[in-house]
Amino acid sequence: MFNPSKIRLDFPILKSGIIYMDNAASSLTPEPVLQKMLEFYHDYRANVKRGVHRLSQKASEEYEQVHRKVAKFINAKSDDMIVLTKNTTESINIVANGLDWKKGDKVVTTLIEHHSNFITWLRLRKRFGIKVEVVKPDKEGIFDFKSFEEAIDDKTKLVAMTHTSNVLGVITPVEKISELAHDHGALFLVDGAQSVPHLKVDVQKIGCDYLAFSGHKMLGPTGIGVLYMKKDVVERTQPLCIGGGTVTKVSSDLYSLIEDSRKFEAGTPAIAEAIGLGAAIDYIARVGFDGLMSHERKLTEKMCRGLRDIPKIEVYGPKDHKKRIGIAAFNIINFSPHDVALALDVSANIMVRSGNHCAMPLMKELLKKPEGCVRASLYLYNTMNEVNELISAVNEIAIS
Ligand SMILES: Cc1ncc(COP(=O)(O)O)c(C=O)c1O
């Protein structure tokens with residue numbers, strides 16, 4: 001049984017009375033994750049994939065096991081590849097820099113992307129003369145499938161889009177777009193930074209070639225992320241870095257690279273952080289993803305409805321809460337978003353994010369809010385009481 005009161009006990013930071021609603025930026029980390037990382041430092045701290053001594057063997061086992069945990073978590077097949085990276089940004093950059101681009105190739109992306117899944121493609125335009133086409137949704141962030149049909153053609157090498165917007169909270173129809181991309185022989189990359197922590201993401205169901213996400217948004221530590229690669233695309237994707245740990249043989253004029261995830265994980269990896277990510281996955285599995293999703297759905301509905309009822313407020317994203325995850329981006333008319341965020345902290349102990357959320361094209365061209373907005377984002381430890389407090393604190397500011 002999903003029990004938020006019990007879950008909250010695992011997050012001592014909450015004892016101070018703060019209401020943490022900046023989860024889309026980074027989540028909090030529960031004690032079992034920290035303990036598992038500390039266990040590495042206390043009991044078997046050593047480098048991985050190298051030593052024969054028992055500490056290195058234990059560290060290597062724990063580190064390798066994380067790949068299998070991640071694969072199970074996103075339902076990857078056993079011959080697909082899970083690469084442990086620094087974060088979503090690095091995962092996307094591996095793909096951007098690892099494919100063999102030719103002048104005239106096309107990348108299709110969207111206007112609601114985080115900069116990490118946007119400027120990476122613009123840079124290729126400069127470097128290789130590729131074309132970047134940006135698909136625009138309606139004001140709520142909902143796409144007309146026809147726009148993708150018009151944008152994706154036989155010159156399209158890659159379609160790169162987010163599964164959920166980090167501003168609008170909108171869930172995108174990645175399964176349908178994956179099919180369309182593949183019909184045209186294009187690869188399909190999904191930015192799962194916001195979806196993997198909150199929805200049951202199944203790479204086989206989506207049919208994507210790449211999925212990128214970050215550990216720190218799903219109860220794990222910072223400094224660890226994931227790039228999932230479907231078996232068929234591994235060979236065409238070159239690693240971003242090579243060096244120690246990535247080779248089978250090196251002579252004075254030749255080297256050959258290992259054909260498994262080690263090829264992409266050059267040098268000493270973030271070992272404790274990877275182990276922490278594994279523990280975060282275990283934690284989510286223990287509390288139960290179905291319970292987590294249904295809890296977040298209830299809070300999201302209340303948060304969006306409650307905020308929309310406040311005078312002088314604009315709430316962005318889909319009105320239909322079933323089409324979104326627990327992110328509410330809003331502005332109070334005539335208030336700076338940073339002032340609102342500060343007031344929520346000072347007057348109500350509520351932590352939210354304000355600004356452009358690394359999504360300037362969305363803020364400027366879709367919402368016409370170059371000054372940004374306030375964003376409250378939920379996770380499994382938030383409660384209905386906290387949502388009510390958010391609504392009443394925003395209302396107080398709006399009527400002040
Ligand atoms: C949708 C989306 N993509 C990519 C990123 C980048 O994630 P990271 O900073 O962990 O690389 C974020 C971070 O907020 C995000 O929300």
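**Sheets, covering helices and ligand site**

Analyst: In this predicted model, helix α7, residues 174–183, lies across β5 and β6 and runs at about 155° to β6. Helix α5, which spans residues 119–128, lies across β3 (106–110), β4, β5 (156–162) and β6 (187–191), with a direction at about 150° to that of β4.

The strands named here belong to an open sheet of 7 strands, ordered β2-β8-β7-β6-β5-β3-β4, in which the pairing is mixed. Its edge strands are β2 (81–85) and β4 (131–135), each of which pairs on one side only, and the twist from one strand to the next averages 15°. At the β2 end of the order, β2 and β8 (residues 225–229) run antiparallel and are joined by 5 bridges; in this pairing Ile82 stands opposite Tyr228 in β8.

A further open sheet has 4 strands in the order β11-β12-β15-β14, with antiparallel pairing. Because β11 (313–315) and β14 (353–355) stand at the edges with a single partner strand each, one side of each is left without a neighbour in the sheet. Here the twist averages 25° from one strand to the next. Within this sheet, β12 (residues 327–332) and β15 (residues 373–377) pair in the antiparallel sense over 4 bridges, and Ala329 stands opposite Arg375 in β15. Helix α11, residues 289–308, lies across β11, β12 and β15 and runs at about 10° to β12, while helix α14, residues 384–399, packs on the sheet and touches β11, β12 and β15, its direction making about 15° with that of β12.

An N or O atom in the side chain of Thr89 is 2.5 Å from an oxygen atom of the ligand, and an N or O atom in the side chain of Asp191 is 2.5 Å from a nitrogen atom of the ligand. For His216, a polar side-chain atom lies 2.7 Å from a ligand oxygen atom. Taken alone the ligand exposes 390 Å², of which the protein buries 89%.

How values were computed. Residues numbered from 1 in each chain as written. Predicted model: local features only at pLDDT ≥ 70, side-chain atom pairs only at ≥ 80, totals over all residues. Heavy atoms only, no water. Polar contact = N/O pair within 3.5 Å; in protein donor to acceptor, adjacent residues only side chain to side chain. Areas by Shrake-Rupley, 256 points an atom, 1.4 Å probe, with all protein chains shown as cover. Pairing = 2+ DSSP bridges. Helix = DSSP H or I, 4+ residues; strand = E, 2+ residues; numbered from the N terminus. Axes fitted to C-alpha atoms, helices over the stretch in contact; angles between N-to-C directions. Contact = heavy atoms within 4.5 Å.
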